Amino acid sequence: MRAALLKSGFALAAGHASADFVVLNSCTVTAAADSQTREAVRKIHAANPAARIVVTGCYAQRAPEEIAAIGGVAWVVGNSHQAEIPRVLRETMGAELFAGEGNSRANPHTPRDFVPLARLGGGGASLARGPAKILVGDIFAETAVPVAPAAPMAAGHTRPILKIQDGCNNRCSYCVIPFVRGRSRSLPPDAVIGEVRRLVAGGAKEIVLSGINLGSYGRDLAPRAALADVVRRILAETELEQLRFSSIEPQDITEDFAGLAAESGRIAPHFHVPLQSGSDSVLRAMHRWYRTGHYAERIALIRRLLPHAAIGADIVAGFPGETEADFEATLAFVARLPFTYLHVFSFSARPGTEGGKLGCVVPAAAIRERARALRALGEQKSAGFRASQAGRTMRALTLSRGRDDWTEALTANYLKVRIAGRHPANQWREVQIAADAQALSDCISACCESA
C-alpha cells in the first residue's frame, strides 16, 4: 500500500499530526487487535482532527460498519479493495480541494501526505464523529495475490517480506482469518522469481517468503506447484543471498522440505510451526489437522537435520473446554520439545467462528494464568537456546536499530544480537556470540516475526 501510494504521487508525512491522510492497516485475529485499531483511530483524530483516516485490513473487511462509526474515519476499505486506496485518496483530495470548482483543476498526482501506523504514538480522546464511506466487497471473489509496484529498498530497510500466498482454505474453529482473507491463492512461480530478482536488484540480501498459509502455496495453480519447487527455482535462478520462511503448518514440514533447507547454505535455519495446543482433545476441537505425535515427529525432523535451527510456535491459552489436565498436557508437551521461542495468545472468541459459539468457556482469570505460565516457559526455552549458541561464530545481517556504540543484527537462526560500533543497515557481519551470562542477557534475545 505504501509503495502504491508513493507511485501515485503521494509523499510520506513526518508524523500523523501533520498528515492529510492516514492509512491504518488493521488486524482482527483477537478482540485486543480490534481494540488497538479503534484506539489508534482515536489518537490520530485527537492529534489531527483534519486528517482523513482510511482504515483497511482484516478488521475493516470483517466489521466495516463498526469502524465507520468511529469519529475521524473517512473511509473503510476492505482487503477486497486495497488496490483502490490510491484512487480513493486522490478522489477525496480532489473533492475537498476543489469543491464547487469542478474537477478540471484537480491533479491526481499532486503530492499529499500519509503516514504508516508504525509512526503512531501519544494519547488523546475521540472527537466528534464524521461521515465515513465504506468500500468492502466479497473477499472470496479475489483470485490474485497483489504485488507491490517496483521500488528500491528505502534507506535503512532490510529483509523485505514477499507475500507469495494469501487466503486459507482451512477452517480452524478459533480463527476468523479465512473469512477476511478469502480462498487460498498463490503468486505464479514466474512472478515469484521476477519479484525476488527485483528485490535483489534493489539491494535486498535476505527476503522473507510469507503467506497466510504458506505451505499451501501452489495448490490452486494450474499446473499445480509446490512451495519446495518455487524455493528451488529461487535458489537456482536468482542471486538472493538468504531466504527465510514466515510460518509453515506442521503437515507441510516434510522430509523433502526440511532436507532442502538443510542442504542449502542460503536458507535460514528457522521454522515457525504453529502448534496451538499440546492436548489432542483440544486440537480436535480446534479442527487442527494433526495430533501431538505427528507434530513432535516434524519438530524432531527439523532438529535432526538442522541442530542449531530456531523453532517457534503459536499457542492458544484457554480455548473453550480446555481443562486443567489439557493445559498441563500442553505445558509438558512444550517442555519436551526443542522450541526456541513461543508466541502465546489468550483465547478470544471471534464472531462467526465455531469456537466463538462453544460453551465451556474458560474463566478469564484462568486464561491469564495459563498464558502467563506458557510465556514463562517460553522465556526459559528462549534463554536455553541463547545459552546453547554461546561461543559460536556466525553471520548476521545488520538492522537499522542501534546507538553510537552498538548496532542490532539478526543471525540466520533468528537471534537478535548487538554488535560493537555503528554499522550501516543491510550489511553482513561475522559475529561471535558472547559466552558471558550477563552479556547474553543484555545483548542477545530471541526475536519475534510479525507475518
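**Note on the sheet and a helix pair**

1. Four strands build an open sheet, ordered S2-S3-S4-S6, with parallel pairing. The model is a predicted one.

2. Strand S2 (21-26) and strand S6 (133-135) are the edge strands. Each has a single partner strand, so one side of each is left without a neighbour in the sheet. From one strand to the next, the twist averages 15°.

3. S6 pairs with strand S4 (residues 73-78) in the parallel sense, over three bridges. Val76 has Ile134 in S6 as its bridge partner.

4. Which strands does helix H2 touch? Helix H2 (residues 31-47) packs on the sheet and touches S2, S4 and strand S3 (52-57). The direction of H2 makes about 170° with that of S2.

5. Now the helix pair. Two packed helices are described by the angle between their axes and the distance between the axes. For helix H7 (residues 189-201) and helix H8 (residues 227-237), the angle is about 40° and the axes lie 10 Å apart. Angles under 35 degrees would count as roughly parallel, and 65 to 115 as roughly perpendicular. H7 and H8 are therefore oblique to each other. Their crossing is right-handed.

6. Which residues make the contact between H7 and H8? H7 supplies Pro189, Asp190, Val192, Ile193, Val196 and Arg197. H8 supplies Val230, Arg233, Ile234 and Glu237. By class, this contact of H7 with H8 has six nonpolar and four charged residues, and no polar ones.

Notes:
Residues numbered from 1 in each chain as written. Predicted model: local features only at pLDDT ≥ 70, side-chain atom pairs only at ≥ 80, totals over all residues. Heavy atoms only, no water. Pairing = 2+ DSSP bridges. Helix = DSSP H or I, 4+ residues; strand = E, 2+ residues; numbered from the N terminus. Axes fitted to C-alpha atoms, helices over the stretch in contact; angles between N-to-C directions. Contact = heavy atoms within 4.5 Å. Parallel < 35°, antiparallel > 145°, perpendicular 65-115°, else oblique. Left-handed = near helix turned anticlockwise from the far one by under 90°. Nonpolar A, V, L, I, M, F, W, Y, C, P; charged D, E, K, R; others polar.
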